[in-house]
Amino acid sequence: MNRRHLLLGGGAAVAAGLGTYAVTRGPSYDAAAEAVWAERTQQQTSELHYLVHHATLAANSHNTQPWLFSGGKDHVSIRPDLSRATPAVDPDNHHLFTSLGCAAENLCIAASASSRSNTVDFLPGEDEVRISLGGDGAVADRLFEAIHERQCTRSTYESRLVPAEELKALEDAARMAGCSLMLITEKPRMEQILELILAANTAQIADEAFVRELKHWLRFNPSEAIKHGDGLYAACTGNPAMPSWIADLVFGFVFTAEAENAKCTGQVKSSAGFAVFVSDRNDKSHWVQAGRSYQRFALASTALGIRHAFLNQPVEVAHYRAELSSLLGIGDRRPDLVVRFGYSDAMPRSLRRPVSEVIVAG
């Protein structure tokens with residue numbers, strides 16, 4: 001569930017010019033994104049394909065889409081695709097399993113829109129999230145429509161507060177067994193969390209394995225993004241596209257702790273608050289629950305016109321995760337996700353791989 005944004009810094013002018021060439025001479029990213037995020041009806045495809053399509057629109061770490069689906073008439077199973085793990089940033093696969101939880105929640109909401117009742121179980125021996133589907137008659141979840149609009153909006157926000165009644169609505173939407181949500185809107189506490197974000201960010205950028213892994217998932221131009229159908233596309237963070245060979249040359253010069261920290265600082269100071277998701281226990285089943293809780297928060301905020309984005313650095317570096325736990329006063333419970341929220345315009349949305357690539361035999 002990461003939040004990386006390549007800051008082009010001093011190379012922006014050259015990169016912007018080359019990026020314009022890449023955008024205008026390459027395939028249409030907007031058309032590809034529109035095809036991914038377009039609404040589907042169950043009449044257009046099989047029920048499994050319909051449900052999995054909506055599940056794949058969920059948030060996930062680095063947009064790696066680390067999931068595999070199988071199922072039949074009465075259930076859908078989601079298992080991890082470990083070939084898409086990110087061991088440098090996520091050594092215990094925590095983010096991977098929260099990503100599965102996000103997908104599971106989207107799938108449940110889509111099932112309810114088809115009047116199918118559903119329950120979610122985690123099968124630890126199989127590392128499987130299983131959604132059992134009941135008969136017709138379920139009430140459609142009001143968050144369904146937001147599935148097609150949700151995004152992580154990695155931009156500077158408008159520096160205005162979220163009304164108290166809407167904060168309460170977000171808390172209600174995110175309520176999930178095994179996980180709690182902490183909303184932090186007081187500026188002094190936000191500054192304390194920002195200090196941990198910057199310290200952890202600095203540590204990560206000093207880690208060659210982390211930087212190498214991040215670069216592997218960056219997509220610097222629309223052709224590359226469309227080819228892969230995954231990863232973090234530059235335009236989704238407000239940066240110009242550029243040919244990959246230029247990106248290889250400038251990346252090491254512009255992706256620095258100083259530049260990234262300046263960007264994070266501006267983003268936090270423009271945000272209305274933080275949402276921190278905290279598991280009751282530090283195990284895979286609870287990580288899945290944290291992902292489900294976050295996904296409901298994300299959809300509810302989308303429905304209210306509130307943007308959000310991850311700033312997970314202090315939960316990704318163990319030392320700073322412990323400091324964050326202490327700051328939040330949560331004892332030995334694990335903080336799973338750190339999300340900033342506020343108001344801004346939408347950004348381009350990320351792509352997804354075809355549903356056919358993530359459905360496997362049960």
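The largest cavity in this predicted model has a volume of about 210 Å³, and the structure holds three cavities of 30 Å³ or more. In this predicted model, local features need pLDDT of at least 70 and side-chain atom pairs count only at pLDDT 80 or more, while totals for chains, interfaces and linings use all residues. Residues are numbered from 1 along each chain as its sequence is written, and side-chain values use heavy atoms, with hydrogens and water left out.

**Terms for cavities and pockets**
- On a 1 Å grid over the protein atoms alone, a cavity is a set of points where a 1.4 Å probe fits but cannot get out, whereas a pocket is an open set with protein on both sides within 12 Å along at least five of seven lines; lining residues have an atom within 4 Å of a point.
- Grid points are joined across faces, edges and corners, and a volume is the space filled by probe spheres set on the points.

**Largest cavity**
- Of the 20 residues lining the largest cavity, Arg150, Cys152, Arg154, Ser350 and Arg352 lie nearest its centre.
- The lining of the largest cavity comprises nine nonpolar, seven polar and four charged residues (Ala, Val, Leu, Ile, Met, Phe, Trp, Tyr, Cys and Pro count as nonpolar, Asp, Glu, Lys and Arg as charged, and the others, Gly among them, as polar).

**Largest pocket**
- The volume of the largest pocket is about 160 Å³.
- Residues lining the largest pocket include His49, His53, Arg352 and Arg353.
- Helix H3 (47-56) gives the most to this lining, with three residues (helices are DSSP runs of H or I, at least four residues, numbered from the N terminus).

Methods: Helix = DSSP H or I, 4+ residues; strand = E, 2+ residues; numbered from the N terminus.
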